[in-house]
Amino acid sequence: MQPLRSYSVGGQRSSWAANRQARRRLARLQGSLVRACEKEIAVVCKNSSEEHLQPFKEKMETFVQTARQEHSVEEDHLKTALRSFEDTVRYFGVKPKSGDKEVTPNVVFMLWFEFCNDFKNIWKRESKNISKERLKEAQLSVQKMTAEKKVETKRISPNSLNKKEGLQSDLGVSHSQITRLYSRFTSLDKGENGTLCREDFQRIPELAINPLGDRIINAFFPEGEDQVNFRGFMRTLAHFRPIDDHEKNKDPNVSEPLNSRNNKLLFAFRLYDLDKDDKISRDELLQVLRMMVGVNISDDQLGSIADRTIQEADQDGDSFISFTEFIKVNFYTSP
């Protein structure tokens, strides 16, 4: 085995005793392989007749060849390890401890451990500082948002709200109804920002258990919007008001109230019209029926109901139900 070169670091050689021991063990192993194993094989082969040599001779030759290859690989690994160690020592300028003649792995790994430990402690300290700064920024942001919301959501009385938005005249509701619904609106407005989101509606128990709850909730929100103010809230609820006698006999030249039979049917039609293309398809009808009945009716039975409904309602033969056809089939009776 060729002697390994060593670098001079701080005036000292960077090879170490453990490396020399490993080289000695490899040398002994190589000597044992040649002197002991190969000699014994030669003796056995010499004293054996030709007919008894195989397969012993062939197997032992294969064994020795494999052993030599593995021994050579281990020598290469040892050389590479020593070279890498010497390069590391030279790169970092590591010097031997006081009283030592050479740099040992223990010295290098002790320094590396101390560095890693210091880095870990510094990282923990800096991470805590960063977390504190982020928490402080988040708190300031929340305080700012809260302050803005307090300005935006200054409590107003139902009287001023009615005067400002004309709810009583536009929606045909009484002052007491506005007061009652405004109280309900503010109780649902958990964020106190003057609007409701879908999550606010989902906390209403009656809607949470209603099979069409999600469809009804969506009806409160205009296309592309995820917030609804009090006026929008009132406009949607107005569809559920019963029709008064004077409204039934109202002047035809005046626009229909939101709780008219026609508008009630339009509201119901939109619950079925999932893709908002102004017509109800068989698939949309099936989806709504599944929401309503769950697993109580089989898919085949639901399909038959959907087919029969479309067949009865579809007057123009396009396999869809338009709003005009929806009215004529009279899904819903007037209140």
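This is a predicted model: local features need pLDDT of at least 70, side-chain atom pairs count only at pLDDT 80 or more; totals for chains, interfaces and linings use all residues.
Residues are numbered from 1 along each chain as its sequence is written, and side-chain values use heavy atoms, with hydrogens and water left out.

Asp87 forms a salt bridge with Arg90, the closest N and O atoms being 3.5 Å apart, where a salt bridge is a side-chain nitrogen of Lys or Arg within 4 Å of a carboxyl oxygen of Asp or Glu. Because Asp87 and Arg90 are three residues apart in helix H2 (residues 56–92), about one helical turn separates them; helices (H or I, at least four residues) and strands (E, at least two) are DSSP runs, numbered from the N terminus. Arg90 is also partly exposed, with a relative accessible area of 48%.

By this rule the count comes to four salt bridges, and another of these joins Asp307 to Arg282, with the closest N and O atoms 2.5 Å apart. That pair links distant parts of the chain, since Asp307 sits in helix H14 and Arg282 in helix H13 (residues 282–293), 25 residues apart. Asp307 is partly exposed at 38% relative accessibility, and Arg282 is partly exposed at 32%. There is also a salt bridge between Arg290 and Asp299, for which the closest N and O atoms are 3.6 Å apart; Arg290 counts as partly exposed at 37% relative accessibility.

Staying with helix H14 (residues 299–313), I turn to Ile310, which lies in it. Is Ile310 buried or exposed? Ile310 is buried, with a relative accessible area of 10%. If we leave aside its neighbours within four places in sequence, Ile310 is in contact, meaning heavy atoms within 4.5 Å, with Ser281, Arg282, Leu285, Ser319 and Ile321. Ile310 and Ile280 are 30 residues apart in sequence, and their C-alpha atoms are 8.9 Å apart in space.

One of those contacts of Ile310, Ser319, has a positive phi of about 65° although it is not a glycine. Ser319 is found in the loop between H14 and strand S4 (321–322), and it is partly exposed at 47% relative accessibility. Lys276, likewise not a glycine, has a positive phi of about 55°; its place is in the loop between H12 and strand S3 (279–280), and at 53% relative accessibility Lys276 counts as exposed. As for the backbone elsewhere, the peptide bond from Gln54 to Pro55 is cis, with omega near 10°, and Pro55 is in the loop between helix H1 (17–46) and H2.

Now to the largest pocket, in which about 720 Å³ of space lies. Of the 26 residues that line it, the closest to its centre are Asn218, Ala219, Phe221, Phe267 and Arg270. Grid points are joined across faces, edges and corners, and the volume is the space filled by probe spheres set on the points.

Which helix supplies the largest share of that lining? It is H12, with six residues, while helix H9 (213–219), helix H10 (230–237) and helix H12 (261–272) each supply at least two. By class, the lining has 11 nonpolar, six polar and nine charged residues, counting Ala, Val, Leu, Ile, Met, Phe, Trp, Tyr, Cys and Pro as nonpolar, Asp, Glu, Lys and Arg as charged, and the others, Gly among them, as polar.

Finally, the chain as a whole: there are 15 helices and four strands in the protein chain, and of its 335 residues 30% count as buried. Of the contacts with a separation of 6 or more, 54% are between residues 24 or more positions apart.

Terms used: Buried means under 20% relative accessible area, exposed over 50%, partly exposed in between (1.4 Å probe, protein chains only). On a 1 Å grid over the protein atoms alone, a cavity is a set of points where a 1.4 Å probe fits but cannot get out, and a pocket is an open set with protein on both sides within 12 Å along at least five of seven lines; lining residues have an atom within 4 Å of a point.
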